[in-house]
Amino acid sequence: MPRLATWNVNSLKVRLPHLLDWLARAEPDIACLQETKTEDAKFPLAELRAAGYQAVYCGQKAYNGVAILFRSPRLIQSGAVEVQHGIPEFPDDPKRVIAATLGDLRIVCLYAPNGQAVGSDKYQYKLRWYGAVSGWLSKELEAHPLLAVVGDLNVAPEDRDVHDPKRWAGQIHVSEPERAALRRVIDEVGLADAFRLFEQAPQEFSWWDYRLAAFQRNWGLRIDHILLSPELARRCRACFIDKSPRRLERPSDHAPVIAELEA
């Protein structure tokens with residue numbers, strides 16, 4: 001059963017030991033990373049190959065950066081084709097978006113803009129970015145029925161994805177325009193939130209602030225997502241958040257999300 005994962009590592013240089021340990025333990029067939037914060041020339045390709053993974057990636061120093069790691073013999077034999085950096089016809093820094101075809105799967109790895117604060121210029125950019133993503137992904141699904149869109153999407157879709165909805169009401173990540181933008185990606189493109197395909201325990205989150213002992217208090221948000229085309233949604237047998245890397249010393253502030261798919 002193939003395993004597809006997404007994880008905002010918040011600096012590949014700092015978190016590489018965590019990543020290698022997690023890859024050995026969790027054994028994802030495909031792992032999409034965000035906030036690698038690593039220039040392409042310094043991407044740790046040798047270390048990942050030693051761990052059994054190939055990679056496609058695009059990055060920059062200190063900010064952004066995305067990568068797709070893949071390991072199965074079938075995927076490695078076929079190689080990654082149709083690699084896309086950035087959103088076509090959108091004047092965006094390409095270090096937030098990478099897509100690749102692995103075997104019969106089309107994988108799109110996204111690191112959505114944070115948005116900074118509701119009403120700011122960066123917030124307006126975030127909404128424009130989402131509009132561009134929606135239009136592009138509709139074309140991707142037409143061309144690739146087995147489409148998975150994964151990453152740090154920087155939106156908590158519903159109040160149940162927020163530790164304290166009243167405290168967060170109207171703020172960045174949970175404002176209604178952001179939620180509407182994500183809903184359009186899901187509804188207009190025709191994708192399914194893999195996590196919500198299954199019964200889940202309450203108060204399950206993928207991100208916790210470093211401050212105020214937020215992880216220990218479980219003051220979190222679910223902003224990391226695996227979105228699946230209808231065909232892949234039918235093949236999905238489980239989806240869960242792996243919190244173990246968040247418990248480590250000097251962790252990423254995000255935890256991996258994993259979906260298990262039938263071959």
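Let's start at one residue. Setting aside neighbours within four places in sequence, Leu-16 is in contact with Pro-44 and Glu-47. Contact here means heavy atoms within 4.5 Å. A word on the source: this is a predicted model, where local features need pLDDT of at least 70, side-chain atom pairs count only at pLDDT 80 or more, and totals for chains, interfaces and linings use all residues. Residues are numbered from 1 along each chain as its sequence is written, and side-chain values use heavy atoms, with hydrogens and water left out.

Back to Leu-16. This residue sits in helix α1, residues 12-26. Helices (H or I, at least four residues) and strands (E, at least two) are DSSP runs, numbered from the N terminus. Is Leu-16 buried or exposed? Leu-16 counts as buried, because its relative accessibility is 13%. The cut-offs: buried is under 20% relative accessible area, exposed is over 50%, and partly exposed is in between, with a 1.4 Å probe and protein chains only. Thr-36 is 20 residues from Leu-16 in sequence, and their C-alpha atoms are 9.7 Å apart.

Now the whole protein. How many helices and strands does the protein have? It has 8 helices and 14 strands. Its radius of gyration is 17 Å, close to the 18 Å from the globule rule for 263 residues, so the protein is as compact as a globular protein of that length. That radius is taken over C-alpha atoms, and the rule is 2.2 Å times the number of residues to the power 0.38. Along the principal axes, the C-alpha trace spans about 50 × 40 × 40 Å.

Next, the inside and the surface. Of the 263 residues, 57% are buried. Take the contacts with a separation of 6 or more: 70% of them join residues 24 or more positions apart.

Charges, briefly. There are 34 positive and 35 negative charges, and their mean positions are 4 Å apart. Lys and Arg count as positive, Asp and Glu as negative; His and the chain ends are not counted. Each charge is placed at NZ of Lys, CZ of Arg, CG of Asp or CD of Glu.

Helix α4 covers residues 121-143, which is 23 residues. At 1.5 Å a residue it should span 33 Å, and its end C-alpha atoms are 34 Å apart, which agrees. The expected span is 1.5 Å times one less than the number of residues. The buried residues of α4 include Tyr-123, Trp-129, Tyr-130 and Trp-136. Lys-126 and Glu-140 are also among them. Which elements cover these buried residues? They include strands β5 (80-85), β6 (97-102), β7 (105-111) and β8 (147-152), plus helix α6 (176-189).

That brings us to α6. Its 14 residues should span 20 Å at 1.5 Å a residue; the end C-alpha atoms are 19 Å apart, which agrees. Among its buried residues are Glu-178, Arg-179, Leu-182, Val-185 and Ile-186. The buried residues of α6 pack against α4 and β12 (224-228). Just after α6 comes Gly-190, with a positive phi of about 100 degrees.

At 41% relative accessibility, Ala-62 is partly exposed.

Another loop residue: Asp-40. Where is Asp-40? In the loop between β2 (30-34) and α2 (45-50). Asp-40 is partly exposed, at 36% relative accessibility. Beyond neighbours within four places in sequence, Asp-40 is in contact with Tyr-57, Cys-58 and Gly-59. Ala-192 is 152 residues from Asp-40 in sequence and 32 Å away, C-alpha to C-alpha.

Last stop, Ala-263. This residue is in the segment after β14 (257-261). Ala-263 counts as exposed, because its relative accessibility is 83%. Which residues does Ala-263 contact, leaving aside neighbours within four places in sequence? Pro-2 and Arg-235. Cys-236 is 27 residues from Ala-263 in sequence, and their C-alpha atoms are 9.6 Å apart.
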